[in-house]
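Thanks for taking a look at this one with me. Here are some notes to go through with the structure open beside you.

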Amino acid sequence: QEKVTDSEEDELPEELRVAEEASESENEEEDEDSSSDGSVLSFEDVDDEENSEVNSEESSEESEDEEEHEEEEVEGVKVESRPVDAVDEYQEDTSDEEDIRNTVGNIPMHWYDEYKHIGYDWDAKQIVKPAKGDQLDDFLKRMEDPNFWKTVKDPQTGQNVVLSDEDIELIKRIAQQKIPDQQFEEFAPWVDWFTSEVEKMPIRNIPEHKRSFLPSKSEKRKISRYVHALKMGWMKTKEEQEKVKESGPKFYMLWESDNTKESMRRIHDHVSAPKRPLPGHAESYNPPPEYLFDKKEMREWKRLEKEPHKRKLHFIPQKFRSLREVPAYERYTHERFLRCLDLYLCPRAHRMKLTIEHEYLIPKLPSPRDLQPFPTHETLIYSGHSDIVRTISVEPRGEFIVTGSDDTSIKIWEISTARCIKTIQTKDIVRSVAWCPNGKLSIIAVASGQRLLLVNPETGDKLIIAKTDELLVDSPESDLLDPERLKTAVQWTEPEGFEHKTGLRIVINHFKQIKQVTWHGRGDYLASVMPDGAHRSVIIHQLSKRRSQFPFSKSKGTVECALFHPVKPLLFVATQKSIRMYDLVKQELMKKLVTNGNWISDMAVHPKGDNLIVSTYDKKILWFDLELSTKPYQTMRLHREAVRGVAFHRKYPLFASASDDLSVIVSHGMVYNDLLQNPLIVPLKKLETHEKVNDFGV
């Protein structure tokens with residue numbers, strides 16, 4: 001490494017020159033060794049970019065020199081510090097003084113990008129920028145210089161500064177959010193210099209006299225007199241005296257208006273009289289022409305002479321040229337008297353008015369997008385009947401659908417293609433069809449006039465069709481004799497000839513017209529409803545034994561429909577205004593549901609069996625929670641006309657309602673297993689694609 005030239009030496013600070021002269025005079029050999037050392041830098045040309053390589057011998061000498069000499073950083077340049085003639089630049093330094101390495105102050109340093117220097121030192125000399133190497137030089141320094149990792153650049157002077165071990169340890173402690181001083185004891189025991197206990201230091205320590213423990217009779221009489229004076233109001237406390245002084249003398253305005261609020265004597269919470277309405281254009285002495293009565297309005301005014309409260313105005317508007325021509329009002333004294341009478345006789349009182357916004361009245365329901373899937377569009381149309389379709393039923397597997405119509409026929413359709421597979425003619429109007437819920441049987445119950453037909457549709461699995469025919473052909477033998485009352489009402493017969501070929505297997509003749517037929521969940525029992533049958537309106541038939549029975553001996557009203565519970569042995573029977581739930585095992589009435597409706601049209605049970613929905617002809621849909629109450633949990637008025645039918649979905653939490661307003665409304669009905677959580681009911685979609693036929697809707 002080369003030594004600093006004379007011209008460059010003049011530009012260095014004075015402290016550095018003193019340190020250099022002292023080091024050269026004492027030992028030139030040690031100066032040469034230190035200048036060749038890689039870790040301790042001597043003065044060199046800052047503009048020179050050439051650096052000598054450091055060999056293994058120099059690195060060993062470097063470790064020895066570091067132990068012998070102390071290093072000192074001055075303005076980013078490493079020098080050897082000697083105790084002899086050393087200048088302590090921090091001798092008169094304080095924490096308030098400015099940084100004297102660069103005297104330019106707090107300015108953006110990029111202003112010196114185009115210059116060779118980066119500012120001025122304390123002696124007004126330029127601080128020359130160090131030489132900048134390329135990326136190859138940086139890489140060589142990184143590989144060869146062992147102090148490269150702890151070398152930082154001073155932003156004030158632009159020089160490279162090598163941090164000492166103490167500085168690195170200080171930086172590490174600050175980065176780890178520790179106290180910078182390593183000798184500081186963070187968890188030292190707390191020294192309580194001042195006690196928090198208040199000590200009582202008596203002036204004298206003489207025991208109390210005996211009379212101090214006995215109550216004074218004179219003081220007792222004095223206190224009793226004070227208490228009596230306070231009660232009677234002769235004596236007032238300091239707070240009451242201050243209130244009297246602040247309020248000052250009270251004067252009451254005898255003729256003050258009713259508008260001002262004044263705390264009147266003996267009247268608490270005085271309510272001011274209501275203001276009279278302001279006069280309008282009709283009460284003006286010169287009203288606009290449109291406010292004057294014409295002949296028609298004048299005749300109406302005279303006609304209501306005996307009923308003046310029905311008049312729009314209590315006077316006839318008149319027009320005058322000036323205010324001087326306006327005469328005195330004849331009814332002035334009478335109206336003022338009536339107003340005073342109203343103010344005197346009509347009591348005024350404060351009433352608490354609840355300010356409830358409409359947002360709080362409407363329940364917060366989830367968005368229909370979050371409740372998908374549900375039907376939204378018309379997909380298929382099953383057309384083929386020549387008259388109105390009264391009833392439909394779906395096969396348990398969901399492959400086929402059966403429909404009954406007023407054209408005395410039932411049709412079996414394939415759901416996915418809307419193709420009619422089979423048509424079976426009956427002798428009367430088909431009012432109800434029901435597919436057997438047991439998947440091992442292929443039976444459709446059809447209510448046609450006074451006959452209940454059990455039909456084998458012969459669709460689906462051929463093995464199931466054959467087993468169904470075997471079950472219906474064999475007539476079981478029974479020793480029990482049916483009573484005459486039952487024989488006259490119900491007769492079991494087997495069709496022959498053409499009817500047997502079409503699929504009819506059993507015909508059950510009734511004594512009245514059948515309105516509805518419904519199956520039990522297992523598929524062995526079915527019930528038929530005859531509204532005109534009085535106490536024999538509901539008949540339960542057992543398919544395996546070919547027997548029928550009357551469950552009721554007395555009539556509770558006109559029966560509209562009946563329904564079996566999907567899980568439990570329960571039977572729901574709906575009359576016009578109520579629903580009764582019977583236990584078939586115990587043969588007793590369990591519960592009576594009150595609908596508050598005029599006429600029940602249909603009902604459906606949730607697949608889990610804990611909830612029931614009922615439709616009425618007075619536009620209502622009622623949701624019953626059977627575990628909660630006998631009254632409706634929720635009443636929905638979604639349709640504009642009579643609701644004729646309701647149904648639950650077998651898998652999804654959906655239910656639908658059909659009405660005479662030609663609409664089908666699909667709603668979300670989620671039932672939770674937690675008994676403390678109420679069902680979630682949200683209307684989702686209104687399907688309006690139907691047409692009216694014979695004044696009937698859907």
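Where is Ala534 found? Ala534 sits in the loop that runs between β17 (525-529) and β18. Please keep in mind that this is a predicted model. The other points follow below.

1. **Ala534 and its backbone.** Let us stay with Ala534 for a moment. Its phi is near 60 degrees, which is a positive value in a residue other than glycine. Ala534 counts as partly exposed because its relative accessible area is 43%.

2. **Thr408, another positive phi.** Thr408 is not a glycine, yet its phi is positive, at about 60 degrees. You will find Thr408 in the loop between β8 (400-405) and β9 (409-414). With a relative accessibility of 23%, Thr408 is classed as partly exposed.

3. **A cis peptide bond.** Have a look at the bond joining Gln372 and Pro373: it is cis, with omega at about 10 degrees. In general, most peptide bonds are trans. Pro373 belongs to the loop between α11 (358-361) and β7 (389-394).

4. Over the whole structure, a search finds 16 salt bridges. Side chains of opposite charge can pair when their charged atoms come close.

5. **Arg546 and Glu494.** Which parts of the chain does this pair tie together? The side chains of Arg546 and Glu494 meet in a salt bridge of 2.7 Å, N to O. Arg546 lies in the loop between β18 (538-542) and β19 (547-549), while Glu494 lies in the loop between β14 (490-493) and α14 (498-502), so the pair connects parts 52 residues apart in sequence. Arg546 is buried, with a relative accessible area of 14%, whereas Glu494 is partly exposed, at 41%.

6. **Glu335 and Arg331.** A salt bridge also joins Glu335 and Arg331, and their closest N and O atoms are 3.8 Å apart. Is Glu335 buried or exposed? Glu335 is buried, because its relative accessible area is 18% and buried means under 20%. Arg331, at 41% relative accessibility, counts as partly exposed.

7. A positive surface patch is made up of Lys217, Lys220, Arg221, Lys222 and Arg225. One of these residues, Lys222, lies in helix α7 and is partly exposed at 40% relative accessibility. A patch of negative charge on the surface gathers Glu239, Glu240, Glu242 and Glu246. Glu240 has its place in helix α8 (residues 238-247), and its relative accessibility of 40% makes it partly exposed.

8. **A nonpolar patch.** Which residues make the nonpolar surface patch of about 560 Å²? They are Tyr226, Leu230, Met232, Trp234 and Met235. Trp234 is located in the loop between α7 (217-232) and α8. Trp234 counts as exposed because its relative accessibility is 63%, and exposed means over 50%.

9. **Cysteines.** How many disulfides does a search of the whole structure find? The search finds 0. For background, a disulfide is a covalent bond between the sulfur atoms of two cysteines. Among the cysteines, Cys340 is partly exposed, with a relative accessible area of 47%, whereas Cys561 is buried, at 3% relative accessibility.

10. **Lys125.** Finally, turn to the loop between β3 (117-120) and β4 (126-128), where Lys125 is found. Lys125 is partly exposed at 27% relative accessibility. Lys125 and Asn102 are 23 residues apart along the chain, and their C-alpha atoms are separated by 9.9 Å.

Notes
Residues numbered from 1 in each chain as written. Predicted model: local features only at pLDDT ≥ 70, side-chain atom pairs only at ≥ 80, totals over all residues. Heavy atoms only, no water. Patch = residues over 30% accessible without salt bridge, like charges linked within 9 Å, V, L, I, M, F, W, Y side chains within 5 Å. Areas by Shrake-Rupley, 256 points an atom, 1.4 Å probe, with all protein chains shown as cover. Salt bridge = Lys/Arg side-chain N within 4 Å of Asp/Glu carboxyl O. Lys, Arg positive; Asp, Glu negative; His and termini not counted. Charge placed at Lys NZ, Arg CZ, Asp CG, Glu CD. Helix = DSSP H or I, 4+ residues; strand = E, 2+ residues; numbered from the N terminus. Buried < 20%, exposed > 50% of the residue type's maximum accessible area, 1.4 Å probe, protein only. Disulfide = S-S within 2.5 Å.
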